[in-house]
Each structure stands twice: as C-alpha cells, then as structure tokens.
Amino acid sequence: MAGAAAGAVALAACGTGSGSSSNSGTGDTVAPAGPAGTAVGTLSEVEVGKCKSVTVSGQPAILARPTDSTAACFSAICTHQGCTVAPAGNELHCPCHGSVFNALTGAVKKGPAEQPLPSIPVKVDGTNVVTA
Ligand code: FES
C-alpha cells in the first residue's frame, strides 16, 4: 500500500495559482511521459502516415506512425491555451481556436499556436510502442 502516493499531483495544473513552472523549455520541448518502457500503443493500430489519440501516463497524447516501422508521440495539449487536439488524418486540429499541427512531427502548420507540440520520446519494441 505504500506505492500509490505520488499520483495526485498532475491534475491540478490548470488552477488559478501560477506556482513555479518547473518545465519551461530550453529548446526542445519534451512532455513528461512517466518511466521508460511505459506502453503507448501498438504500431498496427495506427495507419502509416496517420495518428491516433492515446493516453500516456494519464495525459492525452498522440501516437503517430510516420513510416511502416517507426512511431512518434506528442503531447495532445495544444501549446496555445491547453485544449486537447484531435487527430485529422496526418494533421492535428485544435477545437478551441483552430491551430493545426503536423501529426507526424508536432510542428505548427497554422496558428494561433506558435510552439510545436512537446514530443514524448518513444521506441518501437516488437510491435509495441513504449516510452524511451
Ligand atoms: S488552445 Fe489550441 S488553438 Fe487555442
């Protein structure tokens, strides 16, 4: 019963206090993704060149399959104001203000968002995609 104490922190991030931001980017933006080896999904559930919504460590994320044997993963939290983006073919559309991201790279294709979606490092392990 000692193992579950650490889980409650992440949900409070949208509150009123700004608090200390411990994750301000220094170039590459990388989303927290939990311990390496966390299952993200399987390659076969994503068409080549497309993407799907997944959950990584309780956070909304996007699993993309740029090529037959590679995977990419991004936070699904829009870098504009934090809405959850939705897959649309090889793009990700934000429902709030219309930002569009490249689903295979996380890059901004259309604003108002200016920053790419933070990447979540993943690797292909057999047919599974896990955090790296
Ligand atoms: S929150 Fe996504 S475009 Fe504004």
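These legends describe close-up views of one predicted model. Local features need pLDDT of at least 70, side-chain atom pairs count only at pLDDT 80 or more, and totals for chains, interfaces and linings use all residues. Residues are numbered from 1 along each chain as its sequence is written, and side-chain values use heavy atoms, with hydrogens and water left out.

**View 1. The three-stranded sheet is open and runs in the order S2-S3-S4.** Its pairing is antiparallel. Strands here are DSSP runs (E, at least two residues), numbered from the N terminus; helices are DSSP runs too (H or I, at least four residues). Two strands pair if DSSP finds at least two bridges between them. Strand S2 (51–56) and S4 form the edges, each pairing on one side only. On average, neighbouring strands of this sheet are turned by 35° against each other, direction ignored. Axes for such angles are lines fitted to C-alpha atoms, for helices over the stretch in contact, and angles run from 0 to 180 degrees between N-to-C directions. In a regular strand the side chains alternate between the two faces of the sheet.

**View 2. Bridges tie S3 to S2 and to S4.** S2 and S3 run antiparallel and are joined by six bridges. Lys 52 stands opposite Leu 63 in S3. Between S3 and S4 there are five bridges, again antiparallel. A hairpin of two residues connects S3 to S4. Thr 67 has Thr 70 in S4 as its bridge partner. S4 is mostly covered, with five of its six residues buried. Buried means under 20% relative accessible area, exposed over 50%, and partly exposed in between (1.4 Å probe, protein chains only).

**View 3. Arg 65 is a buried residue of strand S3.** Its relative accessibility is 11%. The Arg 65 side chain reaches the backbone oxygen of Val 46 at 2.8 Å. That is a polar contact: a pair of N or O atoms within 3.5 Å; within protein, one must be able to donate a hydrogen and the other to accept it, and residues adjacent in sequence count only if both atoms are side-chain atoms. Beyond its neighbours within four places in sequence, Arg 65 is in contact (heavy atoms within 4.5 Å) with residues including Leu 43, Ser 44, Glu 47 and Val 48. Gly 49, Lys 50, Thr 70, Ala 71 and Leu 104 are also among them.

**View 4. Glu 45 sits in the loop between strand S1 (39–42) and S2.** Glu 45 is partly exposed, at 35% relative accessibility. A polar contact of 2.8 Å joins its side chain to that of Lys 52. Glu 45 and Asn 128 are 83 residues apart in sequence. In space, their C-alpha atoms are 9.8 Å apart.

**View 5. A disulfide joins Cys 83 to Cys 96.** The structure holds one disulfide (a pair of cysteine sulfur atoms within 2.5 Å). Its S to S distance is 1.8 Å. The torsion about the S-S bond is about -90°, so the disulfide is left-handed. The pair links distant parts of the chain, 13 residues apart. Cys 83 lies in the loop between strand S4 (70–75) and strand S5 (86–88). Cys 96 lies in the loop between strand S6 (91–93) and strand S7 (100–102). Cys 96 is partly exposed, with a relative accessible area of 37%. Cys 94 is buried at 7%.

**View 6. The four-stranded sheet is open and runs in the order S5-S6-S7-S8.** Its pairing is antiparallel. S5 and strand S8 (108–110) are the edge strands, each pairing on one side only. From one strand to the next, the twist averages 35°. S7 and S8 pair over two bridges, in the antiparallel sense. Val 100 has Lys 110 in S8 as its bridge partner.

**View 7. The largest nonpolar core has 15 residues.** Such a core is a set of buried Ala, Val, Leu, Ile, Met, Phe, Trp, Tyr and Cys residues joined through side-chain atoms within 4.5 Å. Residues with the most contacts inside it include Cys 51, Ile 62, Cys 78 and Val 85. Leu 92, Phe 101 and Leu 117 also belong to that group. Strand S3 (59–67) and S4 are the elements that give two or more residues to this core. Cys 73 is buried, with a relative accessible area of 1%.
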